[in-house]
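Take a look at the structure below.

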Amino acid sequence: MRIRFYNSVIYTPEETQPFPGEIWVNGDRIECVLKTAERSTEQLEEQTGCGTEQLEEQTGCGTEQLEEQTGCGTDRFDEQIDCGGNLLMPGFKNCHAHGPMTFLRSYADDLPLQQWLNEKIFPAEALLTEEDIYALMQLAVMEYLKSGITTSFEMYFYPEMIARACLDMGFRVVICGTVLGKEDQVGEAVRTLAEDYEKFHEYHALVDYRLGFHSEYSCCRSLLREITALCRQYHAPVYMHNSETKREVLECIERNGVTPVALMEKLGLFEYGGAGHHMIYTTDEDREILKRRGIYVVTNPSSNLKLASGIAPIRDYLDAGIQVAIGTDGPASNNSLNFFKEMYLTAALQKVKYQDPAAVSPEQVLQMAVRNGARLLGLMDADGIAAGKLADLVLIDLHRPNMQPSEHIMNNLVYSGSIDNVLLTMVGGQVLYRDGVYPLVTDPEQVYRRANRILQRISRGVEGA
Ligand SMILES: [Zn+2]
């Protein structure tokens, strides 16, 4: 498919300001980006590969007309989308999520993390089937697309079902290992992780896999050592929940004599990079390790607020030269998968924490949401808009009260933007969401009904246990 987006304003992290232009998509890639204001005959010729004379011959248009229309004749495209002067930008990268937890949205609210996990979440999850995961992941992907998310980093069981659900919906996913366990579970956990890595790493153009484990507090030391061995064997980065609560850090120090970050370093888990999800309670020494090892911080502000975990010191990370990306976390702790909310909170909470309205800027938040997220996930081709990059794009409606005046688009996106502004979401050159419709989902109501039935079945099971 060749698709032309025209009459748009384009934002990409490489440019300081959005610019008027158009984007041509061919297959799963961006073929070219045309800056409307600066477009000249030479650029047009360079970008289209056609000489002016040839163009005129082919289309019967004069050069001026050609430049106005930007293209070598409309028949070159399968579809031409008039963006109506709206904003075209790279999709958001959701760098930490548990999508299939959609069934637990609003199921066990208002509890502290450990009690929430042990008394509510783990017993409910124990009753999930593989088929459940497929249906629940579908629901999550629908919410991602409506929120302008084009890739998600999914940490949950049954990777096969996550991959299948995402592939069937045309959605890009990176799956994160999520093993945990005590001494007697080490063998099975390591086998699972290695098998999943070998199966799903570079599995499909839309599916990749990263080594990961749940957290320090849910894994015994020998399991962590075995995961280090895998990371050395594969030369692979490792991802985990890290330093999410004060209690987690204090108990880790009691058990191991060091913080979770220092323990990961000591065990060799950071040797090939990776990221820590949450990272709220870290020391100067932790930050020195993160910087030296190139470890990313993934911040999940809604979840941290709702579970009363705390506010991550993002300003300190940026000052220390540590890369930050953003995640929604799961819908059981957030409870939405709304990336606009996460972007707003990433900026706003820092202002409160540091008593400084300039602590984190909208430009920095957008860099985290797009470029840093892509790089954390190894998607170097999805970190911006340029010829040859992946066509993972969103079209944002600027003709809404909350986006006007439109002079300061980047501030609007972070401070007043909303999922209601997302008009279209494209992944790998395929339109997956447009004006409230999901072309690849036959019946959204059926997806909702299935999720409801799963929750009802599991609630009965947990109560009867
Ligand atoms: Zn999480």
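## A helix on the inside

Of the 17 residues of H5, 13 are buried, so the helix is largely enclosed by the rest of the structure. A residue is buried if 20 or more other C-beta atoms lie within 10 Å of its own, exposed if 12 or fewer, and partly exposed in between; C-beta atoms are placed from the backbone. Helices (H or I, at least four residues) and strands (E, at least two) are DSSP runs, numbered from the N terminus.

This is a predicted model: local features need pLDDT of at least 70, side-chain atom pairs count only at pLDDT 80 or more, and totals for chains, interfaces and linings use all residues. Residues are numbered from 1 along each chain as its sequence is written.

H5 covers residues 130-146. At 1.5 Å a residue, its 17 residues should span 24 Å, and its end C-alpha atoms are 25 Å apart, which agrees. The expected span is 1.5 Å times one less than the number of residues. Gly 148 follows H5 and has a positive phi, near 80°.

## Two domains

The chain is divided into domain 1 (2-89 + 388-434) and domain 2 (92-380). These bounds come from an automatic or database domain assignment. The domain centres, taken over C-alpha atoms, are separated by 33 Å.

Where do the domains touch? In domain 1, 19 residues are in contact with 24 residues of domain 2. Contact means that the C-beta atoms of two residues, placed from the backbone, lie within 7 Å. On the domain 1 side, H16, strand S15 (422-427) and strand S16 (430-434) each give two or more residues. H16 gives the most, with five residues. By class, this side has 11 nonpolar, six polar and two charged residues. Ala, Val, Leu, Ile, Met, Phe, Trp, Tyr, Cys and Pro count as nonpolar, Asp, Glu, Lys and Arg as charged, and the others, Gly among them, as polar.

## Two packed helices

Helix H15 (residues 362-376) packs against helix H16 (residues 409-416) at an angle of about 75°, with the axes 9 Å apart. Axes are lines fitted to C-alpha atoms, for helices over the stretch in contact, and angles run from 0 to 180 degrees between N-to-C directions. That makes H15 roughly perpendicular to H16. Angles of 65 to 115 degrees count as roughly perpendicular, under 35 as roughly parallel, over 145 as roughly antiparallel and the rest as oblique.

H15 brings Pro 362, Glu 363, Val 365 and Leu 366 to the contact, and H16 brings Met 410, Asn 411, Leu 413, Val 414 and Tyr 415. Seven of these residues are nonpolar, one is polar and one is charged.

Most residues other than glycine have a negative phi, and most peptide bonds are trans. His 235 has a positive phi, near 55°. His 235 sits in the loop between helix H8 (221-234) and strand S10 (238-242). Is His 235 buried or exposed? His 235 is exposed, with 9 other C-beta atoms within 10 Å.

Asp 329 also has a positive phi, of about 60°. Its place is in the loop between S13 and H14. Asp 329 is buried, with 29 other C-beta atoms within 10 Å.

Two cis peptide bonds can be described as well. One joins Asn 334 and Asn 335, with omega about 5°. Another joins Gln 404 and Pro 405, with omega about -10°. Pro 405 is in the loop between strand S14 (393-396) and H16.
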